[in-house]
Amino acid sequence: NSVMSEALAKAAKQFPAEPAIVTPDEVLSYKAFDARVDEMADRLCAAGLVAGSRCCTVLSATVDHVVLLLAGLRSGALVAPLNPRWPVSLKDEAIAALRPDCIVVETTDSTDERATCTVPELMAFVASEKSVTPSHGMIAIHTSGSQGRPKAAVLTESNLAHTARLSNQNIPVQPGDRWLLSLPMYHVSGLGAIYRCLVGGGAVAIPNGRLPLSQAMAALRVTHISLVPKQLRELLDDDVAVERLRRLKVVLLGGGPIPEVLLQRSQAAGIPIAITYGLTEMASQVATTSPRKLHDRSAPVLDADAVQLAPDGEIRVRGHALFSGYLEQGGLRLPLTPDGWFATGDLGEWVEPGRLRVLGRRDNRFKSMGEWVSPEQVETELMGIPDIIDAVVVPVPHESLGHVSVAIVQTVSEANLDERAVRNSLCERLPGYMIPEAYVPWPADQRGGLKPDRAAFQRYAEEKGDFGSSS
């Protein structure tokens with residue numbers, strides 16, 4: 001058995017009657033959860049999905065999906081949950097790269113000629129030509145794609161278990177606790193919540209039926225929740241939701257720039273915020289504060305030996321949580337520095353020994369007026385302005401300045417943005433070269449996600465106006 005199936009079996013013996021999964025419709029004990037995963041693993045093996053096989057899932061977050069992922073891992077397969085909201089072209093590209101032996105979909109309406117099945121039916125097809133994969137269970141999680149096409153980062157259960165144990169030392173999860181699955185299972189942030197519960201004996205709370213977060217917190221009596229800044233901002237505008245957040249043990253906040261106003265409002269309301277920095281390639285968290293212990297937007301690293309800063313400030317990581325590599329046609333590719341570190345592409349600084357502040361992506365920076373602009377820093381300040389819900393800052397080519405900074409903003413109301421007021425507000429906190437030259441409205445067809453597709457936003461900004469002339 002794999003690391004996590006052993007952990008699940010141990011939890012089933014230690015806490016047989018404790019809830020492992022709760023939904024509005026059922027409560028599944030650890031004993032029953034373990035038995036259901038075993039039953040599913042047997043069905044997968046009988047259908048031909050065995051060690052070395054690959055399985056893609058294109059499913060929403062349900063009990064069956066959690067069971068299926070763990071059963072696939074227990075069978076020794078490589079499982080890859082894909083984002084159901086991806087456009088067809090992106091799904092096709094990912095599936096072609098993964099070369100799965102079976103694809104599990106929500107319904108049988110799929111036009112894909114490859115083998116498909118639904119979770120209830122689980123009629124699996126195994127291709128005659130096997131892909132080469134390790135003989136133990138692994139999971140391929142796609143990166144956000146904010147720096148280009150999403151890449152399939154392959155994690156072992158050992159990676160996920162190690163990070164879960166480190167996290168639980170900082171933010172305990174124990175029997176009786178319930179962590180709301182408020183982030184997608186096809187992102188490491190959602191998987192991390194599942195593994196933290198599994199390691200600590202808590203329950204994963206799954207809001208079936210797409211309950212609003214505030215209602216799900218109450219209906220499922222959750223104690224822990226993970227949020228991205230946009231989710232938190234929406235909840236802070238609801239007095240009932242604020243009261244529910246205040247009663248939780250922790251609100252784990254990460255996934256992007258965090259406006260200072262959100263932290264201030266959360267602290268004033270008594271909400272137990274913990275901010276976190278992590279990445280898919282490290283199985284979720286790298287640095288996380290304890291609840292209500294916010295300081296200078298920095299966070300203690302969970303494993304001091306696993307993080308270093310390069311001379312240019314780039315964050316590098318290594319250790320037991322580090323992924324096995326990116327899944328490519330030729331196998332796994334693990335890009336490391338000559339001395340064995342993985343370069344994250346993120347910039348950071350030590351506030352004090354062992355306490356990290358993240359400054360943004362190195363490859364997001366661009367020069368405007370001869371100075372380096374960190375778009376995440378500008379976005380954080382923009383989202384601190386009351387009428388702005390979301391913001392993405394991108395460079396647009398300019399014939400004399402090289403690039404100018406353009407902000408795409410989503411506002412609360414449909415009224416035109418008061419650009420003068422926005423600039424005046426930004427001037428109080430940012431140097432002049434960081435102030436965007438132009439502002440364009442948020443695209444109506446922009447798909448939701450944990451991180452913005454910056455290339456798509458840049459194309460959109462270039463289409464919206466002529467920012468490149470010197471007139």
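Predicted model: local features only at pLDDT ≥ 70, side-chain atom pairs only at ≥ 80, totals over all residues.
Which backbone oxygen lies 2.7 Å from a polar atom of the side chain of threonine 344? The oxygen belongs to isoleucine 315.

- You can find threonine 344 in strand β20, which covers residues 342–352.
- With a relative accessible area of 7%, threonine 344 is buried, because the cut-off for that word is under 20%.
- Setting aside residues up to four places away in sequence, threonine 344 touches Tyr277, Leu279, Glu314, Ile315, Val317 and Arg361.

- Helix α8 (residues 229–236) packs with helix α10 (residues 260–269) at an angle of about 45°, and their axes are 11 Å apart.
- That angle makes α8 oblique to α10.
- The crossing of α8 and α10 is left-handed.
- On the α8 side, Pro229, Leu232, Arg233 and Leu236 make the contact, while α10 contributes Leu262, Arg265 and Ser266.
- Sorted by class, the contact of α8 with α10 has 4 nonpolar, 1 polar and 2 charged residues.

**Valine 50, in a loop**

- Valine 50 sits in the loop between α2 (30–47) and β3 (54–58).
- At 33% relative accessibility, valine 50 counts as partly exposed.
- Although valine 50 and serine 75 are 25 residues apart along the chain, their C-alpha atoms are separated by 5.6 Å.
- Leaving out neighbours within four places in sequence, valine 50 is in contact with Cys45, Ser75, Gly76 and Ala77.

- As background, most residues other than glycine have a negative phi.
- Arginine 221 is not a glycine, yet its phi is positive, at about 50°.
- Look for arginine 221 in the loop between α7 (213–219) and β11 (224–227), where arginine 221 is exposed, with a relative accessible area of 57%.
- Alanine 283 also has a positive phi, near 60°, and is a residue other than glycine.
- The place of alanine 283 is the loop between β13 (273–279) and β14 (284–288).
- Is alanine 283 buried or exposed? At 2% relative accessibility, alanine 283 counts as buried.

Conventions. Residues numbered from 1 in each chain as written. Heavy atoms only, no water. Helix = DSSP H or I, 4+ residues; strand = E, 2+ residues; numbered from the N terminus. Buried < 20%, exposed > 50% of the residue type's maximum accessible area, 1.4 Å probe, protein only. Polar contact = N/O pair within 3.5 Å; in protein donor to acceptor, adjacent residues only side chain to side chain. Contact = heavy atoms within 4.5 Å. Axes fitted to C-alpha atoms, helices over the stretch in contact; angles between N-to-C directions. Parallel < 35°, antiparallel > 145°, perpendicular 65-115°, else oblique. Left-handed = near helix turned anticlockwise from the far one by under 90°. Nonpolar A, V, L, I, M, F, W, Y, C, P; charged D, E, K, R; others polar.
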